Amino acid sequence: MSGHMLSDLRPGQKAVILSVGGERRFRLRLAELGLIPGTQVQLRRRAPLGDPIEIRLRGYALSIRLKEARKIEVQGGERIGKGAPVR
């Protein structure tokens with residue numbers, strides 16, 4: 001089943017990472033941060049101009065650029081309560 005990109009999520013939505021695209025160095029850097037297939041993420045908020053975005057995963061918050069988020073394929077996108085923890 002095909003997903004959509006992390007950049008497509010709206011604040012409060014959660015999804016599971018399916019794949020991370022891009023160059024090897026980029027994929028390794030994101031893997032070191034915990035962005036690997038099977039990880040649940042929640043889009044917490046967007047900056048006022050839309051870039052960067054803040055996501056929550058593995059118990060911490062991480063801000064990434066939209067350019068990076070467009071390379072991360074996710075599945076899901078259901079809405080959960082604002083501020084609800086991602087486990």
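This is a predicted model: local features need pLDDT of at least 70, side-chain atom pairs count only at pLDDT 80 or more; totals for chains, interfaces and linings use all residues.

Q: OK, and the secondary structure of the chain, what does it come to?
A: Two helices and six strands. Going along the sequence, the pattern reads β-β-α-β-β-β-α-β.

Q: What about contacts between residues at least 6 apart in sequence: what share joins residues at least 24 apart?
A: That share is 62%.

Q: How does S4 run relative to S3, and how many bridges join them?
A: S3 (residues 40-46) and S4 run antiparallel, joined by five bridges. Within that pairing, Leu 43 sits opposite Ile 55 of S4. The S3–S4 hairpin has six residues between the strands, and Gly 50 there has a positive phi near 95°.

Q: And on the S5 side, which way do S4 and S5 run?
A: Antiparallel, and five bridges join S4 to S5. Arg 56 faces Ala 61 of S5 across that pairing. This hairpin has two residues between the strands, and Arg 58 takes a positive phi near 50°.

Q: Staying with S5, where is Ile 64, and is it buried or exposed?
A: Ile 64 belongs to S5, which covers residues 60-64. Ile 64 is buried: its relative accessible area is 3%, and the cut-off for buried is under 20%.

Q: What does Ile 64 touch, leaving out residues up to four places away in sequence?
A: Leu 6, Asp 51, Pro 52, Ile 53, Ile 55, Ala 69 and Ile 72. As for Pro 52, its C-alpha atom is 5.5 Å from that of Ile 64, with the two residues 12 apart along the chain.

Q: Switching topic: where's Ser 7?
A: Ser 7 is in the loop between strand S1 (4-5) and strand S2 (13-20).

Q: Buried or exposed, that Ser 7?
A: Buried, with a relative accessible area of 12%. Beyond residues up to four places away in sequence, Ser 7 touches Arg 46, Leu 66, Ala 69 and Arg 70. Ala 69 also turns up among the contacts of Ile 64.

Definitions and conventions: Residues are numbered from 1 along each chain as its sequence is written. Side-chain values use heavy atoms; hydrogens and water are left out. Helices (H or I, at least four residues) and strands (E, at least two) are DSSP runs, numbered from the N terminus. Buried means under 20% relative accessible area, exposed over 50%, partly exposed in between (1.4 Å probe, protein chains only). Contact means heavy atoms within 4.5 Å. Two strands pair if DSSP finds at least two bridges between them.
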